[in-house]
Amino acid sequence: MTQKKPIVKEQNHNYPPEMIAWIQHAAELGRYDIRGMGAKRKIPDFNDLTFLTASMSRYPLEGYREKCVTQTVIGGRHGAKPIELDIPITIAGMSFGSLNAQAKDALGRGASQMGTSTTTGDGGMTPEERKSSKILVYQCLPSRYGFNPDDARKADAIEIVIGQGAKPGGGGILLGQKISPRVAGMRTLPEGIDQRSACRHPDWTGPDDLVIKIEELRELTLGKVPIYVKIGATRAYHDVKLCCHAGADVIVVDGMQGGTAATQDCYIEHTGIPTLAAVRMAVEALQDLGLYRKVHLIISGGIRTGADVAKALAMGADVVSIGQAMLIAMGCNMDLPEWEEDYHKLGTAAGYCHHCQTGLCPAGITTQDPEISKKLDPDKAGRKVRNYLKTLTLELQTLARACGKSNVHHLEKEDLAALTMEAAAIAKIPLVGTDWYPGK
Amino acid sequence: MVQIDCSPLTTSEINKKLRELPEGSEVELLNPAGRHNLAVGLEKKIDLTINGHGGYYYGGMNKNAEITINGNAGPGVAENMMSGRVRVKGHASTSAGASGHGGLLVIEKDTSLRCGISLKGSDIVVRGCVGNMCAFMAQAGNILIGGDAGQALGDSLYEAVIYLGGKYKSLGADAKEDSMTDEDITIIKDMLSRAGFNDLKPENFKKIISAKTLYHFDSEKKQDY
């Protein structure tokens, strides 16, 4: 009787089964993969830091009783009416087009109930969002889809977008199935085409031009509203300095964990730097210019929990901004039996879906289909947004009190320790049990 | 006629004076001296003449005003214009008429790179020549060029239409020449009339439009990105 040959599966780090599958998929598809969400691979993040809360050498505040201020005022550097937030957590720009009107409405409702802001996106301002959002930041993007002076004058701040964490250097994408008549009208595009936004602004090129562009927007709005500049985190130290020189009142730095509704997978996974590095570099830049706390810093990209918020603030951010986690709060990737088939139709399952680009969102959020959109009740979803923001705020406060802080903005780097050598090096925070980090 | 001497005033003071003028005013700005951001975001129908060369963004986001620049214009003249008319008697710099939604931009001499980039419905008439990347990603509106065009004319066009009186150095990705129709002749006549270039002959123009091969991803086709 012939002996069966043993099956040998020798590990191949360069071409593991997943890589073989991807190459064969690329050979079938003939173009890059486009998907939603942010970077999925494990990268250094705020989980690699821990708080050195009070003990004998530090005195805590009562966790549930003593006041811990969360009010935050930003953007008054050049005399504009500053943005007054009740909490240092805002909602990031997500376009009408990638999201439906119901989702934009819900985000506005939840944000307003918590006294914070939302941000438009690459599709312009919808009436629903302006009505629901007590504080609305209006984006001026390379595409200029829907950008107009009337809406700019209705905004509470203007955010010039140079890039975002999911795709610094790349423009937006919205596939044809989501270019509905309303979206097409707002963006001045034919219905149903695969839309690819410009990645560079049409009327200015570098930081010297940006000075003049910011002045133009101040002229338009009579200097009344703060001007934000948003960048995807890459060379964050230099970029933040250039934004300051250009005249930004607020700088938004979006790390590589930042999400999107549709971008090439190769951008999402292989561009930008982790938010942990970005916040440290941005703060250093501001400090070196003597503009720390004068030009305000908003950090975004993979902020999920109150602990993330607290750590970002401890590292020097004034505010954090949240995008994809807000959608998750509203129901994205929720595991409901009645949605199981919808996930399966997309070839995925609850907890694993990243198919925002299809317009078939099982949660009714990242779709323009009127029937699917009915799944999202703006009132209920708005309440979820509010509750999520409330949870983050309570976590933030409780951590701050445990560090002995009566104001969340008093959190400082000294309250933190790094759990890994990488995080210590990236954040320039001492490794636990030491007073050292690489490079010190 | 109201005259405003720009010399002793800040840009904001000048723009404030312009905004406060009643509808129908005729106004002249003297000594702009190339400063930036004059006549930005006007909303009223006024007749404004700027006597001198301009900096960046003159007539930016204009609504209703009729603006004439008696000189050259800097980058981004009439950018994001919503309605009204901007006329440049001299040359215009880069990104003239960028992302304009409505109204008419007239340039009596030449303009530079990226004229009409990201256009969203304005009409642009350039009597002279345009530089490279004219009408890049132009989505809607018409661009009429009396002279020649540089490289990559109409690169990544959407639905905007280019009428060219001279020659182009090269066409951009997905741009193609198309045959003229009676409707095109009518459009050209109208644009020339509004611009005051009635000596130019509509039949001498060629039409460039999007070939629309990049509207959808298609791995079976050789898509020229």
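Tyr15(A) sits in the segment before helix H1 (17-29) of chain A; helices (H or I, at least four residues) and strands (E, at least two) are DSSP runs, numbered from the N terminus. This is a predicted model: local features need pLDDT of at least 70, side-chain atom pairs count only at pLDDT 80 or more, and totals for chains, interfaces and linings use all residues. Residues are numbered from 1 along each chain as its sequence is written, chains are lettered from A in the order in which they are written, and side-chain values use heavy atoms, without hydrogens and water.

Tyr15(A) is partly exposed, at a relative accessible area of 47% (buried is under 20%, exposed over 50%, partly exposed in between; 1.4 Å probe, protein chains only). Together with Met19(A), Ile20(A), Trp22(A) and Ile23(A), Tyr15(A) makes a nonpolar surface patch of about 480 Å². Patch residues have over 30% relative accessible area and no salt bridge, with nonpolar side chains joined within 5 Å and like charges within 9 Å. A salt bridge puts a side-chain nitrogen of Lys or Arg within 4 Å of a carboxyl oxygen of Asp or Glu. Areas are Shrake-Rupley values.

Now to chain B. Eleven strands form an open, mixed sheet in the order E1-E2-E3-E4-E5-E6-E7-E8-E9-E11-E10. Its edges are strand E1 (2-5) and strand E10 (175-178) of chain B, each pairing on one side only; pairing takes at least two DSSP bridges. Strand E4 (residues 66-69) and strand E5 (residues 85-88) of chain B run parallel, joined by four bridges. There, Ile67(B) has Val86(B) in E5(B) as its bridge partner.

Methods: Areas by Shrake-Rupley, 256 points an atom, 1.4 Å probe, with all protein chains shown as cover.
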